[in-house]
There are 2 protein chains.
Amino acid sequence: MQQKKSEATRERLVATALRLFREQGYDRTTMRAIAAEAGVSTGNAYYYFSSKNDLVQALYHSLQDEHRARSLPLLRDGQNLGEHLRAILQSGIDVMGPYHDFGFNFIGVAIQPSSNLGPFSDDSSVARAKSIALFNQAVNTARPQPPLAIRADLPELLWLVYMGVTLFWVYDRSPGQRRTRRLIDNAAPLIAKLVILSRLPVVRKIVDDVVQLIKNTKQ
Amino acid sequence: MQQKKSEATRERLVATALRLFREQGYDRTTMRAIAAEAGVSTGNAYYYFSSKNDLVQALYHSLQDEHRARSLPLLRDGQNLGEHLRAILQSGIDVMGPYHDFGFNFIGVAIQPSSNLGPFSDDSSVARAKSIALFNQAVNTARPQPPLAIRADLPELLWLVYMGVTLFWVYDRSPGQRRTRRLIDNAAPLIAKLVILSRLPVVRKIVDDVVQLIKNTKQ
DNA sequence: TCTCCTTCTTGAACACGTTCAAAAGAGTCT
DNA sequence: AGACTCTTTTGAACGTGTTCAAGAAGGAGA
């Protein structure tokens, strides 16, 4: 019985935080306000979330779930990879849109290795894996299938592209983040073309080098 | 007479801030401590720098000057582009090394459009131009010369690579940032090779697309 | 019902970045 | 010297994220 109530309080805090973040932006949303609007004391908010950034993390996870939910129906079998990539990236921007104000914090949450040192409790790597799984789906359902040689590495590479686009979006001050949308529209087919071209020996060699570079750098 | 003293105070503040940042990291260095160590009141520090981030910006500019000073002698005529690129990137890491703690703030300063809205007073774009000039030098003194077709765009592309590497460095938790150094050692020759290959029609077409993409997205 | 333990909740307190009204200092003109 | 202006300096104050000792609430066993 205690558990249910506790869980309810936690969810009320997340919901309130999300709303206030959306309505007033990150900086103007104070922990005191979140707690008050959720009907608890300031200290109690810290019982559930160890920092304001923790709440951003909760928001990030929630957005990621929404991103997945929105993207999957768009990945229709038989579309080419460029279309899939475009769909995923654009819907990513759509989902994050209302929170553009503090995209800066997102990047931190998305890339930063969490402070949890336990080998399995790494929260952000779970999120990363989830995100990569989405690109995996995009690759697997695309027609024509990408060359076998890079098919395995492609999801991670696309995720990197996604991170890059997100970074661009964070610093995109154009109204409605038009420039990011244009970037996506142009980059998605280009990347798809590149993937096809990776069949050619010259390009293939470069891609191999890049993949090797990434693997090599990863310890 | 007043001016000299004022300038001295300003410089004392920057010097103190740099030292404390280096010794204690960003978060543990308080504005109160900087002011106290510099022998002025807290409020006075704000007379010279409108925020703590402003001091980071000062540090960033100082590091950029040092980066330039260290890199230029390494760009010997006749070395190939890969060597030049490697030299610039590695010395960039060297210079930033002691401040790895708050590299996160650097990225912000480096990329973020400053709040100054005046068309010419944009502080960060000056810094950017300075940085790009360095890559321009690297390109111009390299032998063999890169293909004419991309020579003009190359400095900016390399600057983008530099930004990417810096981003990687920020999140690189390996001791001494070894992984970033390895990344540079592997990526520099690869990129140089790519530049050479851009003579081939296939690759050339891709590079053109990328350049077009960037130009296109830039409004 | 009483006792004990765990979970949850509180509000005051702390340290920080930042602001501001007020004062001190420096220079200039009469 | 004195009056006036502009620059520089001060320290208290505000609002913020975060911590913490203390207590309330809930459940389990006697």
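How are H9(B) and H10(B) oriented to each other? They are roughly antiparallel, a label that follows from their angle because angles over 145 degrees count as roughly antiparallel, under 35 as roughly parallel, 65 to 115 as roughly perpendicular and the rest as oblique.

Before selecting anything, note that this is a predicted model, in which local features need pLDDT of at least 70 and side-chain atom pairs count only at pLDDT 80 or more, while totals for chains, interfaces and linings use all residues. Residues are numbered from 1 along each chain, chains are lettered from A and ligands numbered from 1 in the order written, and side-chain values use heavy atoms, without hydrogens and water.

**First stop: H9 and H10 of chain B**

Select residues 154-170 and 178-197 of chain B, which are helices H9 and H10 (helices being DSSP runs of H or I with at least four residues, numbered from the N terminus). Their axes lie 11 Å apart at an angle of about 160°, where axes are lines fitted to C-alpha atoms over the stretch in contact and angles run from 0 to 180 degrees between N-to-C directions. On the H9(B) side, the contact (heavy atoms within 4.5 Å) includes Leu158(B), Val161(B), Val165(B) and Trp169(B), and on the H10(B) side it includes Arg179(B), Thr180(B), Leu183(B) and Ile191(B). The contact residues divide into 10 nonpolar, 1 polar and 1 charged, with Ala, Val, Leu, Ile, Met, Phe, Trp, Tyr, Cys and Pro counted as nonpolar, Asp, Glu, Lys and Arg as charged, and the others, Gly among them, as polar.

Moving to chain A, select residues 154-170, helix H9. H9(A) is mostly covered, with 12 of its 17 residues buried (under 20% relative accessible area, with exposed over 50% and partly exposed in between, for a 1.4 Å probe and protein chains only). Trp159(A), Tyr162(A) and Trp169(A) are among the buried residues.

**Last stop: Asp101(A)**

Finally, centre on Asp101(A), in the loop between helices H5 and H6 of chain A, which counts as exposed at 65% relative accessibility. Asp101(A) touches Gly25(A) and Tyr26(A), not counting residues up to four places away in sequence.

Key. Helix = DSSP H or I, 4+ residues; strand = E, 2+ residues; numbered from the N terminus. Expected span 1.5 Å × (residues − 1).
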